[in-house]
Amino acid sequence: AWLQHAYLFWLSSAVTFTRKMSRIVVKNLPKKIKEERLREFFSTKGTVTDLQLKYTKEGVFRRFAFVGFKDEAQAAAAKEYFNNSYLDTSKLQVEICAALGDEQKPRSWSKYSADSSAYQRLHPETRKPKPVKEKSPRKNFADEFLKDLEGNEEFEEFLKVHGTHNKVTWDNDTRAPNADGDAKKAKPAKAVPPAKSEDEDEDDADQDEPKDNFDKAPASSKPKLPVQEFACTLKVKGLPYNCKKKQIKDFFKPAKVASLRLPPKVRGIAYLGFKKEQDMKQALNKHHSFMAGHRLDVTKYAKQVVPEKKWRQFEDLGNPQETLADTGRIFIRNLSYTITEEELEELFKKYGPLEEVHLSIDRVTRKPKGFAFVSFLFPEHAIRAFTELDGQMLQGRLLHLLPAKAKKSEEQEGEEAKSYKNKKEEELKKSSGRSHNWNTLFLGANALADI
């Protein structure tokens, strides 16, 4: 009976474990699938809160994706319905995701995963060196056996009774058993080759170099020519689609075209490079001229330099627990766009009384932005919530919690320099609660009242 109860308890715990995950992984997707189509495909079984298609660093689709649902029941229904179903000609494999740090998570097998054996074969520098086991010295059975017999009177009498021709050998063995063993272990020293002179070393190095280069360079590989860029470059628009490079060069004569490039995916455009500025000026005279019935636009081309994005550097808050002990305020990001303040409050109030729950809303769409702030009345409750909820699943998304700064008071906000527009908005907010302010919408400054 107790075995049956234990089995039922294990089964129920396993079911509850699988139900806690509201995120699924979909494998063997078509190569040219789009996010919008996949979201529409899985939204038939519930509200899709998150969808991530996985790509390599080079931009190659790895043919699997993660789909997050609002609750566990929707994820389980999607898994049962879509597993072993077909999308175009691909048979899908749908599984419930494993939690972060789960010991039962299957081992990665893809060559793009750092913890797989295939990745380590392709990147041997990432392999961890195996610990070298020190080999214990091999024991000689004869030496140990003779050591045990040292001082044995019966054994010495046995040696004396036997022939005298072996007496010396046996005496040496009993008195110094390690002598022969050491002699056997000693190996003849290897002959050291004579040292080479510097001239001979240089000759050998010269002879070895072509062999190394021949081994390293594959026979079929061809060296890539560097792309030469010219300061004098023109861009030509309006060319005929079936135009050849030779026809373009003949059209711009007597200017000597040093380089000519036709984009492979865009027709009717060409880039001309000139070594001399004089040749470029002659080519500019062909502006608005006609070529096979097409009017050409010839303009100077300058390579556009895209400025690098300067990411905002956030202030390092140090140890998160120390920061939370001072503020008691948590910043939550990667939230679902369908979440509400009531759901957040229900999640965090388990750890202690809350002071404030603020969910940021977009002004235009009136939908959540995906992040929120939660303030606890006591900092120790904030530390407990931070340690237990960071990295957990909520509506198909992994929560990311960070310690937040303390909220600024009205006095600190007043000390900062503000524009006239911001000051006007603050005055309107303060006066919005007064009822007599609405009269100004109906009465002008020169209005008169009849008595």
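Among contacts in the protein chain (heavy atoms within 4.5 Å) between residues at least 6 apart in sequence, 62% join residues at least 24 apart. This is a predicted model, in which local features need pLDDT of at least 70 and side-chain atom pairs count only at pLDDT 80 or more, while totals for chains, interfaces and linings use all residues. Residues are numbered from 1 along each chain as its sequence is written, and side-chain values use heavy atoms, with hydrogens and water left out.

The protein chain has 16 helices and 18 strands; these are DSSP runs numbered from the N terminus, with helices (H or I) of at least four residues and strands (E) of at least two. Of its 451 residues, 26% are buried, where buried means under 20% relative accessible area, exposed over 50%, and partly exposed in between (1.4 Å probe, protein chains only). The accessible surface of the chain comes to about 36300 Å², and carbon and sulfur atoms hold 52% of this area. Accessible areas come from the Shrake-Rupley method with a 1.4 Å probe, and for residues only the protein chains shown count as cover.

Now to the core. A nonpolar core is a set of buried Ala, Val, Leu, Ile, Met, Phe, Trp, Tyr and Cys residues joined through side-chain atoms within 4.5 Å. The largest one has 22 residues, and those touching the most other members are Ile330, Ile332, Leu335, Leu344, Phe348, Phe376 and Leu401. Strand E13 (329–333), H13, strand E14 (354–361), E15 and helix H14 (379–389) each give at least two residues to this core, with H14 supplying the largest share, five residues. Beyond its neighbours within four places in sequence, isoleucine 332 is in contact with residues including Phe348, Phe371, Val374 and Leu401.

Next come the rings. The whole structure holds twelve aromatic pairs. Rings of Phe, Tyr and Trp (its six-membered ring) pair if their centres lie within 6.5 Å; planes under 30 degrees apart count as stacked, over 60 as edge-to-face and the rest as tilted. Here are two of the edge-to-face pairs, side by side.

| Pair | Centre to centre | Angle between planes |
|---|---|---|
| Tyrosine 271 and tyrosine 301 | 4.9 Å | 65 degrees |
| Phenylalanine 348 and phenylalanine 376 | 6.3 Å | 65 degrees |

The tyrosine pair links distant parts of the chain, with tyrosine 271 in strand E9 (residues 269–274) and tyrosine 301, 30 residues apart from it, in the loop between strand E12 (297–300) and helix H12 (320–327). Tyrosine 271 is buried at 15% relative accessibility, whereas tyrosine 301 is partly exposed at 32%. Threonine 233, in strand E7 (residues 232–237), is in contact with Tyr301, and also with Leu272 and Thr299 among others.

The phenylalanine pair also links distant parts of the chain: phenylalanine 348 belongs to helix H13 (residues 341–348) and phenylalanine 376 to strand E15 (residues 368–376), 28 residues apart. Phenylalanine 348 is buried at 0% relative accessibility, and phenylalanine 376 is buried at 2%.

Elsewhere, Phe41, Phe42, Tyr81 and Phe82 form one aromatic cluster. Lysine 45 lies over the face of tyrosine 81, at 4.0 Å from the ring centre, and lysine 286 lies over the face of phenylalanine 251 at 5.0 Å. A charge sits over a ring if NZ of Lys or CZ of Arg is within 6 Å of the ring centre and within 35 degrees of the ring normal.
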